Amino acid sequence: MRNRHVLARYLSRPEIGSLFGVLAIALFFLIVAEPFRHMANTGTILYQAATIGIMAVPVALLMVAGEFDLSAGVAVTTAGMSASLLAWYFNFHVWAAVGLSLLIALAIGAINGFMLNRSGLPSFLITLATFFVLQGVNLGLTRAVTGGVASNDISDMAGFDSAKAIFGASFSIGPVNIKIPIIFWIILTVIAAFVLLRTKIGNWIFAIGDDEKAARAVGVPVWKVRIGLYMFIGFCAWLSGMHLLFAFNRVQSGEGIGNEFIFIIAAVVGGCLLTGGYGSAVGASLGALMFGMTQLGINYAGWNPDWFKAFLGVMLLAATLLNTFVKRKADSR
């Protein structure tokens, strides 16, 4: 046995690749895109990253446990849509609708976890089914209640202003405008990183992702941890959905489709392995930051945004290969 060099320990961290990626992308766009250098645009970049990071963090924890959630994108829309429709159709106080929406979001997560535990089917299939159910319910209920594909404007209802002051808040630090999702994103990242690295629950998550049978044999409550992780995704989807509703006063029923892949890409770029047992909440946030910088950097540089998805595919493949290489090197030392 011998102690590893401090530098070697840090270089073997899951998030180190995404950290270098963030620095490289920032330097690149600082050189080629003049608007990227303006401090006033920093808030826009962080906001773009936060809208992904709020969901990428819980998705990363779930992937560390060896599972996926393909319903995460539409769950955000479901949370915002349910609060809006409950408030408008049943004339609920807005805060009552917000509370009921939270219960719905947590219930969706709990059902995903319960079905995964009871059925033994892959999480890919369970959450893919949830994805289609939520997509259909979002569109069907919206058409039935409003006659269109968007929820009604609830900005004139009781409680809207106070809810908007929380979920749609923003403030300025000098020339930088900070929207509330950025604060939510930072808080969630800190809490998730602490839980993953400094608590018994974090050890359980790593153990389940590394070897479920071995984890169960030593007393890890596998079923409870899975349900808890899916409910955490439900909570974050609710948080993101509330911002979506109170920032724009209404929600489009088709929003969120495809975002689940963005969340997974951010987590993988941040160091999560698709096989589970390895990953980082901080890395997932760095992956979301890479997404935000790249998407806006391409626009600021005046390039064709159609190439962005091609970049995402290359970034996903490169990150997967790098993470696998780092994991093997770390295990061999």
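## Helices, ring pairs and buried residues in a predicted model

Helix 12 is mostly covered, with 9 of its 11 residues buried. Buried means under 20% relative accessible area, exposed means over 50%, and partly exposed lies in between (1.4 Å probe, protein chains only). Helices here are DSSP runs of H or I with at least four residues, and strands are runs of E with at least two, numbered from the N terminus. The buried residues of helix 12 are E260, I262, F263, I264, I265, A266, A267, V268 and V269. Just after helix 12, G271 takes a positive phi of about 115°.

This is a predicted model, in which local features need pLDDT of at least 70 and side-chain atom pairs count only at pLDDT 80 or more, while totals for chains, interfaces and linings use all residues. Residues are numbered from 1 along each chain as its sequence is written, and side-chain values use heavy atoms, with hydrogens and water left out.

Helix 4 (residues 72–89) and helix 5 (residues 94–119) have axes that come within 8 Å and cross at roughly 145°. Axes are lines fitted to C-alpha atoms, for helices over the stretch in contact, and the angles run from 0 to 180 degrees between N-to-C directions. This crossing of helix 4 and helix 5 is right-handed. A crossing is right-handed if the near helix is turned clockwise from the far one by less than a right angle, and left-handed if anticlockwise.

Which residues meet there? On the helix 4 side they are T78, A79, S82, A83, L86 and A87, and on the helix 5 side A97, V98, L100, S101, I104 and I108. The contact of helix 4 with helix 5 divides into 9 nonpolar, 3 polar and no charged residues. Contact means heavy atoms within 4.5 Å. Ala, Val, Leu, Ile, Met, Phe, Trp, Tyr, Cys and Pro count as nonpolar, Asp, Glu, Lys and Arg as charged, and the others, Gly among them, as polar.

**Two asparagines in loops**

Most residues other than glycine have a negative phi. N91, in the loop between helix 4 and helix 5, has a positive phi of about 55° although it is not a glycine. N249 also is not a glycine and has a positive phi, of about 70°. N249 sits in the loop between helix 11 (222–248) and helix 12 (259–269). Is each of them buried or exposed? N91 is exposed, with a relative accessible area of 61%, whereas N249 counts as buried at 19%.

**Aromatic pairs**

The whole structure holds 13 aromatic pairs. Rings of Phe, Tyr and Trp (its six-membered ring) pair if their centres lie within 6.5 Å; planes under 30 degrees apart count as stacked, over 60 as edge-to-face and the rest as tilted. Two of the pairs are set out below.

| Pair | Type | Centre to centre | Angle between planes |
|---|---|---|---|
| F160 and F246 | tilted | 5.3 Å | 50° |
| F167 and W238 | edge-to-face | 5.6 Å | 85° |

F160 lies in helix 7 (residues 160–167) and F246 in helix 11, so their pair ties together parts that are 86 residues apart in sequence. Both F160 and F246 are buried. F167 lies in helix 7 and W238 in helix 11, so this pair ties together parts that are 71 residues apart in sequence. F167 counts as buried at 4% relative accessibility, and W238 does so at 9%. Ring pairs link W95, F160, F167, F235, W238 and F246 into a cluster.

S285 is found in helix 13 (residues 281–300) and is buried, with a relative accessible area of 8%. The side chains of S285 and W185 are joined by a polar contact of 3.0 Å. A polar contact is a pair of N or O atoms within 3.5 Å; within protein, one must be able to donate a hydrogen and the other to accept it, and residues adjacent in sequence count only if both atoms are side-chain atoms. Not counting residues up to four places away in sequence, S285 touches V57, W185 and T189.

M293 also lies in helix 13 and counts as buried at 6% relative accessibility. Leaving out residues up to four places away in sequence, M293 touches V22, I25, A26, F29, F36 and I45. The C-alpha atoms of M293 and K164 are separated by 27 Å, and these residues are 129 residues apart along the chain.

P14 lies in the loop between helix 1 (6–11) and helix 2 (16–32) and counts as buried at 6% relative accessibility. P14 and G279 are 265 residues apart in sequence, and 5.6 Å apart in space, C-alpha to C-alpha.
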